[in-house]
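Work through the exercises below with the model open. Try each task before reading its solution.

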Amino acid sequence: MEFRKRIEELLNDFLETRKDLFLIDLKISPGDDITVILDGDNGVSLQDCLDASRAIEFNMDREEHDFSLQVMSAGLSEPLATQRQFAKNIGREIEVLMNDSSKIEGELVKADEEKITLILRYRKPKDIGKGKVDVEEEKEIPYSDIKKALVTIKF
């Protein structure tokens, strides 16, 4: 069996036993350095990474194929990539870079199979008179329009 297919099979078998975890990325370099990035509905613990690593490593023969393996969780600096990640981050502020290079920032309130919904909060000039008024607007964004989305970290 091809090396990559065997790794994918072992990883999928592990994820079948852990429905709360999901794969974000699997990279295998030409030198057989394997990097697995996981996320979970309730986060990813160190033990989760160890379990995934063991599921792969203990079922591969290093005498037959030498490799290095690194299993990690998706960090806050990683872009949101799947509907499941968006759903996990409902209630958080996110910044969305659109395909047309515009940026939208707002609170993620919904994530379904086709799109996300943000609440945008901003101030705009009053229609009549001086001053500004607070505005709250709901905006739906199809996944196909999103180039990159990051959770906004505020201190």
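The protein chain exposes about 9,800 Å², and carbon and sulfur atoms supply 48% of that area; accessible areas come from the Shrake-Rupley method with a 1.4 Å probe, and for residues only the protein chains shown count as cover. This is a predicted model, in which local features need pLDDT of at least 70, side-chain atom pairs count only at pLDDT 80 or more, and totals for chains, interfaces and linings use all residues. Residues are numbered from 1 along each chain as its sequence is written, and side-chain values use heavy atoms, leaving out hydrogens and water.

**Exercise 1. Describe the fold and the spread of the protein chain.**

Step 1. List the secondary structure. The chain has three helices and eight strands. These are DSSP runs numbered from the N terminus: helices are H or I with at least four residues, strands are E with at least two.

Step 2. Read the order. The pattern along the sequence is α-β-β-α-β-α-β-β-β-β-β.

Step 3. Judge the spread. The radius of gyration is 20 Å, well over the 15 Å that the globule rule gives for 155 residues, so the chain is more spread out than a compact globule. The radius is taken over C-alpha atoms, and the rule is 2.2 Å times the number of residues to the power 0.38.

Step 4. Check the box. Along the principal axes, the C-alpha atoms fill roughly 80 × 30 × 30 Å.

**Exercise 2. Characterise Asp32.**

Step 1. Locate it. Asp32 sits in the loop between β1 (21–28) and β2 (33–40).

Step 2. Classify its cover. Asp32 has a relative accessible area of 18%, so it is buried. Buried means under 20%, exposed over 50%, partly exposed in between (1.4 Å probe, protein chains only).

Step 3. Look for partners. Asp32 has no salt bridge, meaning a side-chain nitrogen of Lys or Arg within 4 Å of a carboxyl oxygen of Asp or Glu. Arg4, the nearest side chain of opposite charge, is 8.8 Å away.

Note on methods: Lys, Arg positive; Asp, Glu negative; His and termini not counted.
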